[in-house]
Amino acid sequence: MSGVPQTLDADAVRSWCAGALAALGRERADIDAINVYPVADGDTGTNLYLTVESAARAVDAVPAGGDVAEVIRAMAHGALLGARGNSGTILSQLVRGMAAVLADGGDGDHLARALAAASDAAHAAVAHPVEGTVLTVARAAADACDGGGHLAEVATRAYEGARAALDATPGQLAALRDAGVVDAGGRGLVTVLGALVETLTGQAPSRPETPAHPPVLAPVAEGCAAGDGPAYEVIYLLDAGDSAVERLKARLDALGESLVVVGGDGLWNVHVHVDDAGAAVEAGVEAGRPHRIRITHFDTRPAPTPTTAPSPAAEGTEAAETTPLPAAEPADRAIVAVVPGEGLAGLCAEAGATTLLARPGEPPADDALAEAIHRAHAHEVVLLPNDTELRAAAARAAVRARAEGIRVALIPTRAAVQGIAALAVHEPDRDFEEDVVAMTAAAGATRYAELAVAERQSFTSAGVCQAGDILGLIEGDVAVIGHDLTDTARTVLDRMLSAGGELVTLVVGADTPAALAAGLEQHVRTAYLAVDTVVYQAGEGAPPLLIGVE
């Protein structure tokens with residue numbers, strides 16, 4: 001067919017990568033809706049999309065004129081760096097396995113060998129391969145094109161083999177059979193292979209069917225009931241040698257499940273589900289240098305018990321006919337808030353916000369912010385970065401979400417207390433623009449301060465501080481240098497209230513003495529009769545004290 005690639009050259013790889021990203025963008029919600037294994041957290045489609053998006057950015061960074069080896073290796077490296085979740089991590093290894101072969105040639109025989117190498121690499125990366133998953137679909141794709149042939153024919157056979165294997169996954173995995181769905185990761189791989197077929201033939205193959213009403217799914221971890229699986233997903237990049245990684249695999253395998261370690265040549269992506277997230281990270285530190293560490297707490301709250309609505313059946317029949325309940329529709333509006341502590345995360349979640357934890361020294365990256373917007377699952381999203389340093393990243397995440405049809409308003413909150421003020425006036429039933437204006441006004445009317453401990457001698461706007469000094473920062477600038485936490489906090493509070501105020505918000509860190517907040521409340525009651533005070537516990541990861549004055 002004229003106009004279609006006759007070999008998988010650099011331009012064809014670029015087209016395939018872009019097409020896969022676009023296809024996953026279209027099918028992300030459908031794939032999320034059927035995600036039941038290994039954890040039913042409804043994010044497989046999103047994770048695959050973010051993984052391929054990272055690959056596409058790496059491909060776009062290769063200058064025009066780059067050869068196929070450079071482009072396909074960039075695609076594999078980008079997928080490795082941006083791999084998300086169990087399926088995204090496996091997909092990155094599939095691409096890496098293909099790259100090793102396709103760098104040497106792009107005809108049908110090379111594609112067939114590339115798919116076989118991809119399947120082998122992915123199986124080797126998973127500690128305990130399970131049939132009925134993306135691994136099964138990948139192997140079927142490779143088996144279907146064994147022997148090679150014309151490039152487009154090989155790609156088509158691989159796609160058809162993957163489709164057939166995907167349809168069979170419910171018969172191989174009880175979690176899928178019970179939910180009445182196919183494997184979500186396998187569905188994503190079929191989508192990626194479909195984009196390859198379209199690149200090489202100019203025609204999009206038929207998409208897998210999606211149930212008109214996907215079931216409402218209770219969380220499942222490795223086939224266990226809700227709440228029985230590990231509490232955390234831990235993902236990090238790791239700089240380490242091969243021997244150290246083999247020891248790491250053994251240790252992580254003993255700690256948890258869903259272990260996938262992909263990569264090579266000194267750079268790895270580690271994924272595992274564990275109850276002790278700290279131990280999983282410590283294992284990485286012993287093996288090498290972990291970075292881009294992401295820890296996600298699975299939602300183990302009990303899900304609604306009924307997953308299907310039974311129809312009447314006569315006693316003694318083998319099985320009652322069931323009717324799936326409809327999947328949850330996206331909410332009209334949601335709030336996404338970045339918070340510096342577990343306690344604040346719980347507070348904001350109780351108020352209906354989707355939260356993203358900012359740990360000390362680890363501000364969320366663009367991908368994490370974009371993922372949080374997707375996780376909110378709403379047509380309209382208000383984004384509260386709650387940190388001056390996050391404004392640029394938040395703006396980029398908002399642009400990406402808008403490109404996917406999500407209406408996003410970024411309120412440039414500079415501190416958590418401003419985010420709390422904005423959240424307090426949020427009214428989901430109000431017009432979107434009016435809600436954003438009200439939240440922006442509330443945040444802007446809140447002056448903020450923070451107490452921190454100086455780590456070293458330094459020159460500040462308030463003079464020279466020594467290591468261990470208490471720093472009082474007002475609106476981001478050091479205004480007070482003290483030696484006692486309570487005295488410094490009182491001085492900062494007095495300076496802020498000298499300009500007036502009606503409400504003081506105190507956000508207390510986990511290691512802050514309990515008497516501090518009580519003493520400051522008493523001080524406000526005594527010295528500022530018309531001012532109210534509210535106290536929140538920030539939990540681990542937050543500064544000693546955050547102060548807001550409205």
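Is arginine 57 buried, partly exposed or exposed? I looked it up: arginine 57 is partly exposed, at a relative accessible area of 39%. My cut-offs are under 20% relative accessible area for buried, over 50% for exposed and partly exposed in between, with a 1.4 Å probe and protein chains only.

Ground rules first. I am working from a predicted model, where local features need pLDDT of at least 70 and side-chain atom pairs count only at pLDDT 80 or more, while totals for chains, interfaces and linings use all residues. Residues are numbered from 1 along each chain as its sequence is written, and side-chain values use heavy atoms, with hydrogens and water left out.

**Entry: salt bridges**

I called a salt bridge when a side-chain nitrogen of Lys or Arg is within 4 Å of a carboxyl oxygen of Asp or Glu. That rule gives 23 salt bridges.

I stayed with arginine 57 and found its salt bridge to glutamate 53, with 3.7 Å between the closest N and O atoms. The two are four residues apart in helix H2 (residues 44-60), so about one helical turn separates them. Glutamate 53 counts as buried because its relative accessibility is 9%. Helices here are DSSP runs of H or I with at least four residues, strands are runs of E with at least two, and both are numbered from the N terminus.

Next I checked glutamate 27, which forms a salt bridge with arginine 187; the closest N and O atoms are 3.1 Å apart. Glutamate 27 sits in helix H1 (residues 10-33) and arginine 187 in helix H9, so this pair ties together parts 160 residues apart in sequence. Both glutamate 27 and arginine 187 are buried.

Arginine 407 belongs to strand S10 and glutamate 433 to helix H16 (residues 432-444), 26 residues apart. Arginine 407 is partly exposed at 38% relative accessible area, and glutamate 433 is partly exposed too, at 44%. I also noted that both belong to a salt-bridge network with Arg333, Glu380, Glu427, Arg430 and Asp435.

**Entry: strands around S9**

Which strands pair with S9? I count two strands as paired if DSSP finds at least two bridges between them. Strand S7 (residues 331-339) runs parallel to S9 over six bridges, with isoleucine 335 opposite valine 382. S10 (residues 407-410) is also parallel to S9, over four bridges, and there valine 381 has valine 408 as its bridge partner. S9 itself (residues 378-384) is mostly covered, six of its seven residues being buried.

I traced S9, helix H14 (residues 391-403) and S10 as a right-handed β-α-β unit. Right-handed means that, with the strands pointing away from the viewer, the path from the first strand over the helix to the second runs clockwise.

**Entry: cores and H6**

For a nonpolar core I took buried Ala, Val, Leu, Ile, Met, Phe, Trp, Tyr and Cys residues joined through side-chain atoms within 4.5 Å. The largest has 84 residues, and Leu8, Met75 and Leu111 have the most contacts inside it. A second, separate core of 26 residues includes Ala345, Ala353, Ala416 and Ala538.

Helix H6 (residues 134-144) is mostly covered, with eight of its 11 residues buried; among them are Val134, Leu135 and Val137. I found the buried residues of H6 packing (contact: heavy atoms within 4.5 Å) against helices H4 (85-102), H5 (108-125), H7 (151-168) and H9 (184-201).
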